[in-house]
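Hello,

Here is the structure I promised to pass on to you. Please have a look at it first, and then read my notes below.

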Amino acid sequence: MHAQSSKKVLLATEKNVFASVNTRTGDLGWRHVDSTGPEGNIDSLLLHGQDAVLVVGDGRLLRSWDINVGGLNWEMVLDSGSFQASSFVGHLDSVRYVAVLKKAAISLHYLSNGHQKWLENLPESETVQYQAVYSEGDGEVYALGVVSNSHISIVAFSVEDGEILKQVVVEAPWLSDLGANCVVVGQGVLVCVDVATLSLYTLDLHLESQTTQIPLQTLELAVSPGFQPVLTSTQPNAAQSPLSEFFLQLGPQHHLLLQLKDTKVVILRDFKPSLLVSFATTGEKTVAAVMATKNSTACTIILHSADSGRRLLDTTIIFPTDPNGGKPERLYIQAFLKKDDSVGYRVMVQSEDQTLTFMQLPGRVMWTREEALSDVVTMKMVDLPLTGTQAELEGEFGKKADGLGSMVLKRLSSQLILLQAWMGHLWKLFYDARKPRSQVKNDVTIETLSRDEFNLQKMMIMVTASGKTGTIVWRHYLENVPANAAFKLVVQRTTAHFPHPPQCTLLIKDKDTGLGVLHVFNPIFGRKSHITPPALPQPILQSLLLPVMDQDYAKVLLLIDDQYKVSAFPSSKNVLQQLQDVASSIFFYLVDADQGRLSGYRLRTDLSTELIWEVVLPLEVQKVLLVKGKRSNEHVHSQGRVMGDRSVLYKYLNPNLLAVVTESTDPHPERSFVGILLIDGVTGRIIHDAVQRKARGPVHLVHSENWLYEGMELYNSTVFSSLDRPYAPQVLQQSYIFPSSISTLEATLTEKGITSRHLLVGLPSGAILSLPKMFLDPRRPEIVTEQSREENLIPYAPEMPIRSEWFINYNQTVARVRGIYTAPSGLESTCLTRVYPSKQFDVLKDDYDYMLISSVLFGLFFATMISKRLAEVKLLNRAWR
């Protein structure tokens, strides 16, 4: 949904967000995020002057906002009932009321304070489906309903007291849906289109006689096969009648501008081809905008006079289309008065990939917003590539097969290249220093992307719900992606294997059919790979990224279909031979949450699969919420911890451990519970189980090293094998009361695992908390002893504190945190996103006194040289005595 004012654009999204965007910069002026789910759905948005009126939660709330500052003017709770439509109601040439139509009632509210003026029940609401409300400022409010394939019901209410003035039934056996096929134009004339009879129908709401059929054939028009015609009208002022002009779409690229004149429909202009159309009004002037394809890289937007269809001079706007982006989906025109009282026009285009592009004449793009990034499905962080000089260092010494002379020449040439690059860098620093700071550009482009000294900058590859991958560096829109698709993004080859380019593979899977497709691309440049991925004719159940590499250092992606057959990508002879060699050590599991079944399989040498274990949970008692293993890129530095008595308590480091969270199916709060099962993914052995009674989901889980939050810690010996039967691990668990609900959980990740772990907690308030793991230690004692002091264990307290210095985003709130992604950097102390669990122990502080330490070093050096000389003279003099 969309509305406009002179200096801002108002947006209401499907994710229950209402916001104002500055038309000059594209920045958010203000934003309101409503609750998720049906209770926060924005049903309608109406704009009048400085007020924006919203109906929220299926007609549960009626709100008025001040569009200048985003403040709430008033809020009213409406009576129960399913929301159908809303409209401003004019009276005496001014808009004074808001009408809200529900399934069985209609209510009228004052625009100034939201108070209800009257509420009336709709007649015959059990059989009549009321879908539209209409007013033109004549003291009457019309509720329009339909009985499918029977008749139209028209009920006119008095604005003053809600009295039913008229109630008329008009036969319409051709009509099934009033809202999708009909609009009101002109002096209260209902115009409908029917694809079955290929006709337009008109009905005067004031005369209420009968519908008039106008066959499209009489207008020499035809509907594209299989296309449902669409009508578009406009009512600039609720206190006046709608315009007599309206659009009729007869095909994907065919629109007509029609005019209702003396009960007859007149064609003002035929637009073919045309992609999108829109109306815009300022003052007494209304324009009709039409977008058409110009070529493969651009579209044209041309403005026409709405009352005549004539093209307006000097109003052509060129809209550039991105070959890697989505097609234009919606068109909005903003008409405004300039300082010289002339009319100006701006255009906003919404694309299929959820990109908003705002332009002004003659086609200058003022700003672009990538709204797809607000709905990220999955994400990976990839190291940036080496620079030319860094790549030169990789091959500085040549190959072992080269002779001594060639290796020396190779090193000399690489050193000369490095010297040349260093001189160029110094010249650039000198050249930029002479410029004003405002003219020095530090834009990040594909050409300037390179790995920094500590590998802190990474390329973030994001897959969004709209089917777009990439960030502002590059983007690529994937067409024909199912609306209910699931995505899995894997990094098959990183930038570490120069000169081979990095490679990512995106698996797109239809949740209903299970059919999938692979998209292989370069994560740094966004280009599609030259490697042709295999076709996937069977539904995919599971995908695994194996540590096995092909000759080009690309990891193998293993795909298991619904026939439990295995296919590999890439699938060269070398890869298949390696898979046969390591098949006995490859195990995987499948989860069928609907059946409550977890199954474990192993790979045979002939690349077939074998079922080796199965766990079935009784569905009448509990259901599976989630299954989570450990992260494959996680490193464990310490295998144990030293106790207060100097003994060592070893960690239970089972890389095959699965955490299965279940929830009771009994809705009664006294009998509800959340269960946790720890299952060995190789043998299917249940290592441990725990139950939290009187609890329900949602459940957020972090599984790392030998600890699990929701919260256990396990210990065993140093060497582990799932195929051996180890001693039962010692399980410690503890419960804590967190003073806030939790949106998501994740643990920090560093390169070597030396740094202490922190738990990153996303809160509904928009804050992100970095919680030290020591506060969640299950060994925190209730009674402090000497040994617990030796281990620096904090005394147990059930209430978990939240300290203000733990918030890593400070006052920059992040609304609706759904996931947190972490990645290691080149510095062991730093976890991306820029969290320092053990402080920056490997980085010098910003206030480090370089001058002092340099002076001391130089002083010691010269003192050493002088002392050495004095000692030599002393020894020489002693020898002459």
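Phe-18, Trp-30 and Trp-65 come together in one aromatic cluster. For such pairs, the ring centres of Phe, Tyr or Trp (its six-membered ring) lie within 6.5 Å, and planes under 30 degrees apart are called stacked, over 60 edge-to-face and the rest tilted. By this rule there are 16 aromatic pairs. One of them is Trp-174 with Tyr-201, stacked at 3.8 Å centre to centre with 10 degrees between the planes. Trp-174 sits in the loop between strand S16 (164-171) and helix H1 (178-181) and Tyr-201 in strand S19 (residues 199-204), so this pair ties together parts 27 residues apart in sequence. Trp-174 is buried, with a relative accessible area of 15%, and Tyr-201 also counts as buried, at 5%. Phe-588 and Tyr-601 are stacked too, because their ring centres are 5.4 Å apart and their planes at 10 degrees. Phe-588 belongs to strand S43 (residues 587-592) and Tyr-601 to strand S44 (residues 597-603), so the pair joins parts 13 residues apart in sequence.

A word on where this comes from: the model is predicted, with local features needing pLDDT of at least 70 and side-chain atom pairs pLDDT 80 or more, while totals for chains, interfaces and linings use all residues. Residues are numbered from 1 along each chain as its sequence is written, and side-chain values use heavy atoms, leaving out hydrogens and water.

As for the chain as a whole, its secondary structure comes to 6 helices and 60 strands (DSSP runs numbered from the N terminus: H or I of at least four residues for helices, E of at least two for strands). Its C-alpha atoms fill a box of roughly 130 × 75 × 60 Å along the principal axes. Of the 881 residues, 45% are buried (under 20% relative accessible area; exposed is over 50% and partly exposed in between, with a 1.4 Å probe and protein chains only).

Next, the charges. The structure holds 26 salt bridges (a side-chain nitrogen of Lys or Arg within 4 Å of a carboxyl oxygen of Asp or Glu). In one of them, Asp-353 pairs with Arg-475, the closest N and O atoms being 3.9 Å apart. Asp-353 lies in the loop between strand S30 (343-351) and strand S31 (355-360) and Arg-475 in strand S36 (residues 475-477), so the bridge ties together parts 122 residues apart in sequence. Asp-353 is buried, at 1% relative accessible area, whereas Arg-475 is partly exposed, at 22%.

Arg-631 and Glu-746 form another salt bridge, with closest N and O atoms 3.3 Å apart. Glu-791 bridges to Arg-779 at 2.6 Å between the closest N and O atoms. Glu-791 counts as buried, at 13% relative accessibility, and Arg-779 is buried as well, at 16%.

Finally, the surface: Leu-844, Tyr-848, Tyr-850, Leu-852, Ile-853, Val-856, Leu-857 and Leu-860 make a nonpolar patch of about 760 Å². Patch residues have over 30% relative accessible area and no salt bridge, with like charges joined within 9 Å and nonpolar side chains (Val, Leu, Ile, Met, Phe, Trp, Tyr) within 5 Å. Leu-860 is placed in helix H6 (residues 850-880) and is exposed, with a relative accessible area of 52%.

Best wishes

Definitions and conventions:
Accessible areas come from the Shrake-Rupley method with a 1.4 Å probe; for residues, only the protein chains shown count as cover.
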